[in-house]
Amino acid sequence: MLSEVLLVSAPGKVILHGEHAVVHGKVALAVALNLRTYLRLQPHSSGKVGLNLPNIGIKRAWDVARLQLLDTNFLVLRVLLSLSLICVYLFACVAEQGDITPEKVEKLKEVAGFPEDCGNHEHLAVLAFLYLYLSICRKQSALPSLDITVWSELPTSAGLGSSAAYSTCLAAALLTLCEEIPNPLKDGEATSRWTSEDLELINKWAFQGERVIHGNPSGVDNAVSTWGGALRYQQGKISSLKRPPVLKILLTNTKVPRSTKALVLGVRNRLLKFPEIVAPLLTSIDAISLECERVLREMVAATPAPEHYLVLEELIDMNQHHLNALGVGHSSLDQLCQVTMARGLHSKLTGAGGGGCGITLLRPDLEGPEVEATKQALISCGFDCWETSIGAPGISIHSAASLDAPTRQALEGL
């Protein structure tokens, strides 16, 4: 069992192309977003396990001795989730990696006294932590005492993979603490990453955390948080694009709430109503994803040229028009596209649409004042806006000195 403080981070994700079409068997390209979630794990010997999530106002602590109570048939956890002490029953088979099911999670919510829909981040974040802590650390002679703080640059419920980044950070830190995988950070290094074999194990456990939170996730979000870069997803198969270029973007959150389920159903209904119109749209979006993948590979093989960015911009415009034709646009996204187009920039929605977030490609020749003016114009519309990049590194481990002061302060509770 390691005794040193561990500092890890994982990226969020955006869909570059292929949203909605992917539901119908087409290709989607998901890329790592360099807005990151950071985790600090502090081992100690107090007999307590602490979880602090300042972004969503969670601070919980449990006695290790109570978490240690293990029977052959079930694990009894006495968890302080509110002002009263309640019992949470986790059947022992749930603690086996890969054996968690939506039904068992629903049972866990039920006996925990959570609402049936249990949609709030408090409950889900706590459940995911407890599941991963107990599952990964149960092989130790005694469960470890520790404090974990997780702080994120990612907004929640925005379709940006915040829960996957959280689960990936938890999995990496707990696996490293319990020496299931080695700490790759050497003395004097600022940042390091694990081997491919270790990343596979991190990804598997991160997926289990995602299953606790979402029930039946695709696995794309945790794969992006683990591997970083860009991933191709089609009909359940995920493959990595080797060394994709890092592209600068503006990420804009319109802050308009939307229902992914309703939007997906709307596209399906439109396909049933107008099959000869909508099916070619989905095929065309698939072609856009494939062409984008080709251009990204070409940019890696040769020095990125202005012509590459012109093609990427055209693909963004075409995809946005297609998504509008599918019925997943929104006036807020139209406004985003108009504001950026007036400045010669190209934008599209990312994710489910109907509001939510959009991305704007920033060419390398853009001057700082131009980018800042665009940001301010979007903020004046009532949107949140970040200048960031896509194609970021996946789960990483850091020295304390490598983190900026605001991040260190957030993790240390200052």
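The axes of helix α8 (residues 275–301) and α9 come within 10 Å and cross at roughly 160 degrees, with axes fitted to C-alpha atoms, for helices over the stretch in contact, and angles running from 0 to 180 degrees between N-to-C directions. α8 and α9 are therefore roughly antiparallel to each other, a label for angles over 145 degrees. This is a predicted model, in which local features need pLDDT of at least 70 and side-chain atom pairs count only at pLDDT 80 or more, while totals for chains, interfaces and linings use all residues. Residues are numbered from 1 along each chain as its sequence is written, and side-chain values use heavy atoms, with hydrogens and water left out.

**Helix packing**

- α8 passes α9 in a left-handed crossing; a crossing is left-handed if the near helix is turned anticlockwise from the far one by less than a right angle, and right-handed if clockwise.
- On the α8 side the contact is made by L281, S284, I285, I288, E291, C292, V295, E298 and M299, and on the α9 side by H308, Y309, V311, L312, L315, M318, N319, H322, L323 and A325 (contact means heavy atoms within 4.5 Å).
- By class, the contact of α8 with α9 has 13 nonpolar, 4 polar and 2 charged residues; Ala, Val, Leu, Ile, Met, Phe, Trp, Tyr, Cys and Pro count as nonpolar, Asp, Glu, Lys and Arg as charged, and the others, Gly among them, as polar.
- Helix α10 (residues 331–341) packs against helix α11 (residues 368–379) at an angle of about 150 degrees, with their axes 10 Å apart, which makes α10 roughly antiparallel to α11.
- α10 passes α11 in a right-handed crossing, and the contact is made by L336, V339 and T340 of α10 and T374, A377 and L378 of α11.
- The residues of this α10 and α11 contact divide into 4 nonpolar, 2 polar and no charged.
- α5 and α6 pack at an angle of about 145 degrees, their axes 9 Å apart, and their crossing is right-handed.
- α5 contributes S196, L199, E200, I202, N203, A206, F207 and E210 to the contact, and α6 contributes D221, N222, A223, T226 and W227.
- The contact of α5 with α6 has 6 nonpolar, 4 polar and 3 charged residues.

**Largest pocket**

- The largest pocket has a volume of about 1700 Å³; on a 1 Å grid over the protein atoms alone, a pocket is an open set of points with protein on both sides within 12 Å along at least five of seven lines, a cavity is a set where a 1.4 Å probe fits but cannot get out, and lining residues have an atom within 4 Å of a point.
- Of the 49 residues that line the largest pocket, K13, G159, H214, D221 and T260 are the closest to its centre.
- Elements that each supply at least two residues of the pocket lining include β1 (6–17), β2 (28–44), α5 (196–214), α6 (220–227) and α7 (260–273).
- The lining of the largest pocket divides into 23 nonpolar, 20 polar and 6 charged residues.

**Cavities**

- The count comes to 3 cavities of 30 Å³ or more, and the largest cavity has a volume of about 70 Å³, a volume being the space filled by probe spheres set on the points, which are joined across faces, edges and corners.
- L16, H17, L247, I249, C292, L312, I316, I359, L361 and I390 line the largest cavity.
- β1, β11 (247–253), α9 (306–325) and β13 (357–361) each supply at least two residues of that cavity's lining; helices (H or I, at least four residues) and strands (E, at least two) are DSSP runs, numbered from the N terminus.
- The lining of the largest cavity has 9 nonpolar, 1 polar and no charged residues.

Note on methods
Parallel < 35°, antiparallel > 145°, perpendicular 65-115°, else oblique.
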